[in-house]
Structures are given as structure tokens and as C-alpha cells.
Amino acid sequence: MAEIRLSGIGVSEGIRIGKVIRYDHSFHNQQFGNVSVEDVAREIKRLADAKAICVQEINQLIEQAQQTVGAEKAGVIQAQKSFLLDPSFCPEMEKLISKKMFSAEKAADQIVKKVMSIFENMPNEYMRERAADVRDVGNRLLAALTGAKGINLGDIREAVILIAEDLAPTDTVQLNKKYIHAFVTQKGGKTSHTAIFSKTLGIPAVIGIGVGLDQIQDGETIIVDGTSGICIVNPEEDTIRIYSEKMAKEVNDESALEAYASKEAVTKDGYRVEIGANIGTATDALYAVEQGAEGIGLLRTELIYMSEDSLPDEARQFKVYRDIVEVMGDKPVIIRTLDIGGDKELSYLKIPKEMNPFLGYRAIRLCLDQKPLFVTQLRAILRASAYGKVKVMFPMISCLEEWRIAKGIVEEVKEQLRAEGNSFDEGIEVGIMVEVPSVAILAKQFAIEVDFFSIGTNDLVQYTLAVDRMNEKIDYLYDHFNPAIISLLQNVVTAAHAEGKFVGMCGGMAGDPKAVPLLLALGLDELSMSATAIRKVKHTINQIELEKCRRLLEDVLQMNTAQDIRLKMESFCSENGI
Ligand code: PEP
Ligand code: MG
């Protein structure tokens, strides 16, 4: 078969060569074919077998659901079973197989669509909603027929390259690097949380491939280049050889960088910046220290919530935070309060669907609205502060009132803990993320009140440029070198320093070696990134001089387009051996 090249967005570096395994959520929009007369009996038998598998699966799910969510909710799954056993549902499919020579998949697909449209057109809303149950049953049946069923991401135990239309952040966090050597998706933007988590996990990834990915079959060989964003399906011998050599070079480059883990991030002319890691668990913290992290600049606590089936209680959270703090010893740990919403969902926290989830009920907005949840988390964080150098940080602050209310709740929690005789760090610093342009613009006012800032460029870029960070079609507009971003960064750092406040950066820009010279010149006190990026960034800083970076910044501030700035940064980096 001929070699096929596909290109997407490389979001997590590294080259991998391996066999494909597909992870399909839905069989919607797939085209299924016909069969010959001789195959009719076989197709009917395949359909009956698939139906039996589904009934068995649904029975298990009902049993499980009765224990976890109660009999009433388990009834919803029961309704799906009724569709399967309905005297016309599967028999209608059999008719299509024998009369029209449809394959079992095609027959199932047609009947499912027909029944769905009957429900969708019913006058009663309750009945219209049943269309979703029919679709679920249809997906289950088609999964059983195509054999793509039952891939539980956490259960994959062979070395593969995962291909999916899309991966939710909850899917991504289940991926085991030992087996999933890389992944490729059809959809997704470069700072979607799936992209960020792939970097954190150190799994090479190419996303936003668009059309072409659906042609790839299980078991085919694929080369994934997470640096350039290229994927090659069914590579020829020569291509495999070239990429194997590149992989070997990567390993060499990696070992050349190894020494930087234990080095400080100091420029040639002696200017030092603190290097932090963005993490989600105590295991990540251990890895981050190994890679040379001097602190945790961002603990994404939502990862703890995402790995549970229900809201983690205070004791559970306290244990995780304390474990992380203990791993870090006397190094700072910035714990960000729950940042859920946008592309990060919690199945057990029913948030109604919104038109613009990134502009909606998320992060600090949700926490202020669901105060008991927020208080539980703050209690756990404050109690963990007795064990090391913890700071609290609020995500998605958009106005001073929000900050003041959130800070007020921290004071209330401190009071509770004092009254109970629980120890915590009385001097704990409380700061905010700068992710919303209104905060970057009003940085002067915020700087008077907050203890520190951390700039979240992933969101700051999307909100400033009105570019959805999840949408691959407009990815070309999503650029942290846009002059509007540089101007906001300068405003924040100047405002923070005028008040003697610490300002770090924990968005993806901090881990981009090409941006680092600019960030040093702007005066950021700390850069926090995926642990996998630390050694490269430390290496970069050790190759440059602050004086030169400052002159570079002067030039950049005169530029009007992201492209001009990017080109300038690229030539600066290559001149300085970066
Ligand atoms: C950011 O927005 O830059 C950030 C670090 O937060 P997250 O990526 O989790 O939204
Ligand atoms: Mg953010």
C-alpha cells in the first residue's frame, strides 16, 4: 500500500513508529457497504452475535449503575436494553440484510438513523430526548460488529499508536506512556487540554489532522512526528530508515540536554530566572524534580478531580497536596484552585451545556457559585501549607470583585482552621492567574492587592485574539508572538514590579525556547512549564546574554505582526545556538 503523508499540529515532541489502534467514540457518519447473496446468513448471524454481546454489556452496566448511581438512573440504561429487544428493531435490520444485501453494519446504521429521526420528530420533549438513547444503542451495536468495541484506554497493554477523532482531557489522562507511544487526532487546537496533557505525560502527539485520518486501519504502521506535526501511514522502507535515524538523533540530543537538569537557569551574563513545573500529581512532582524543576509553578488540581468518580473530599485532597508538598521539600508549590469548565468536564458535576463554555461557567466562577466545594478545597490546601511552601492561586479571575470575594473566602477558611486548632501557614501567599485581558489591562490595580501573578498565556491568547484554543481551523491565528500579547505581558510585568510583586508565567509560552529570550527581557521572575520542557529551556537560557535579549525586546516592540516577531525570534535563536 502506498505511503500517505498527513499533516497536523505537533503538540508534544518526539518521533515514534508503531502499529495503529483506533479509538472510536461514535460510528456516526461512517459509510458501510453491501454484501453478496452468499453472505446473508453470515451477516444475520453477526448481527445476532453483536446483539447478544450488547445485551450482556448492558446487563453488566445496569448492575454497576444500580450500585453507583441508584436504581432510578440505572433505569435509563434499562431503556436502552428495551430498544435492543424491541420486536421490530433488530428484525428490521435483518430484513435489510436479506432483501437489500446490506452488511450488518449498514443495516444497523440505517435502522438506528430511521428510529432516531422518528423520535426526534415527536411533539413531546421527553420522547425527543429518547433519540440519544437510540444513538447510544446504535453505537454499542456497531462497536460490537466492527470489533472496535470495548477499548478502555487505561486497559491497553500493548505498544500502540492511538488514533482518534478527538480525545477528551479525561481520556488523555488515562493514557499509559508505556503502551501508548504516541497519539494522533483529527480535531483539536495546540493549547487544548488534550495537547497540554500529552506534553505533561511525555507522549508525542499530533492533533488537528482533519480529513484523512478516518482511512487508517487498526494494525497499519504509522510514523508520528510530534515536533513537525507530520504523520506517515504505511511508510516505505526508506522512510522508516530516515525516521529511525531521526529518532536515534533525538535520543542523542536528549542525553546532551541531560546535564541541564541539575544546572541553574542563568544567562551568560549572570541573570537567573526561576524554573517551575506544571503538574497534576505527586508522581508528576517526582518526575519534575528529576527534570530540574525548582518549584511547582502550577498544580492543576482539576486533574485530581478528574481521576475520581465523585468529588474528592477534604481528606483525599489534603493527602494529595501534602504528598506533593513533601516531594518538593522547601521548594515553592503554587496550588491552583479548581479550574473546571471549558474543555475540562467532570462527569459527576452536572454542568449544563453552554453555547460558549470557555466564556461561561468555569473555574473561579463555578467555585464562587458552589462555595462548599471551594471551601473544601481551600481547607485541604491550607492544611497542606503546614508542610512546606504553598501558595494559593485563583484561575480565570476577570474583575477585582471576584478576586476580593475569593480572597475573603480564604480568610474565612483560615478563621475556621484556627478555631479548630488546625495548623497552616499564616503567611500563605494568595495570587491570581492573568488569563483574561481585563486583568492584564488592569494589572496596576490588581498588583496593589494580590501577592503574586502567574500569566496563563494559553487562555490569555485565546481571549485576547478571540481565537478558540480548541479549533484547528483557526490555529494559524493563535500565536503568542502577536504584538498585542507582548504588549499585555509588558504591562503586567511592569505593574507587578512597581508594587514589588512576583510575576511568573505558567502558560505554554513559558516552555517555548523561542519565546524565552523575550520573556527574560520582559523581566518575568519565574517560568513554569511541562517537566519535559525544562532541560531545553535551561539550556536555552544558558546560551544567551540578558543584554542581547533586552536589545532584542526593543526591536520586537517596534514590530507590528506576529509573523515578523516570530521570524526575528527564530533568527535570534539560531544565531545563539538554540
Ligand atoms: C493557561 O491558560 O495558560 C493555563 C496555564 O491554564 P490552563 O491551560 O489549564 O487553562
Ligand atoms: Mg487557563
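**First stop: a side chain among backbone oxygens**

Select Arg22 and Leu213 together: a polar atom of the Arg22 side chain lies 3.0 Å from the backbone oxygen of Leu213. Arg22 itself sits in strand 3 (residues 15-23), and with a relative accessible area of 14% it is buried (buried means under 20% relative accessible area, exposed over 50%, and partly exposed in between, with a 1.4 Å probe and protein chains only). Helices (H or I, at least four residues) and strands (E, at least two) are DSSP runs numbered from the N terminus.

Before moving on, note that this is a predicted model, in which local features need pLDDT of at least 70 and side-chain atom pairs count only at pLDDT 80 or more, while totals for chains, interfaces and linings use all residues. Residues are numbered from 1 along each chain as its sequence is written, chains are lettered from A and ligands numbered from 1 in the order in which they are written, and side-chain values use heavy atoms, with hydrogens and water left out.

**Second stop: an enclosed helix**

Select helix 7 (residues 193-201), where seven of the nine residues are buried, so that this helix is largely enclosed by the rest of the structure. The buried residues are His193, Thr194, Ala195, Ile196, Phe197, Ser198 and Thr200. Step just past the end of helix 7 to Gly202, which takes a positive phi of about 75°.

Now show helix 11 (residues 314-328) with helix 13 (residues 371-384): they pack at an angle of about 35°, with their axes 8 Å apart. Axes here are lines fitted to C-alpha atoms, for helices over the stretch in contact, and angles run from 0 to 180 degrees between N-to-C directions.

Within helix 11, pick Gln317, which counts as buried at 1% relative accessibility. The side chain of Gln317 makes a polar contact with the side chain of Tyr321 at 2.6 Å. Leaving aside residues up to four places away in sequence, Gln317 touches Tyr305, Pro312, Thr376, Gln377 and Ala380, where contact means heavy atoms within 4.5 Å.

Next, bring in helix 9 (residues 282-291), whose axis comes within 9 Å of that of helix 11 and crosses it at roughly 15°. Helix 9 and helix 11 are therefore roughly parallel to each other (angles under 35 degrees count as roughly parallel, over 145 as roughly antiparallel, 65 to 115 as roughly perpendicular and the rest as oblique). Colour Ala282, Ala285, Leu286 and Val289 in helix 9, which meet Asp323, Ile324, Val327 and Met328 in helix 11.

**Last stop: a buried leucine**

Finally, select Leu552 in helix 21 (residues 546-557), a residue that is buried, with a relative accessible area of 4%. Which residues does Leu552 touch, not counting those up to four places away in sequence? They are Pro517, Leu518, Lys568, Met569 and Phe572. Draw a distance from Leu552 to Met569, 17 residues apart along the chain, and the C-alpha atoms are separated by 8.4 Å.

Conventions. A polar contact is a pair of N or O atoms within 3.5 Å; within protein, one must be able to donate a hydrogen and the other to accept it, and residues adjacent in sequence count only if both atoms are side-chain atoms.
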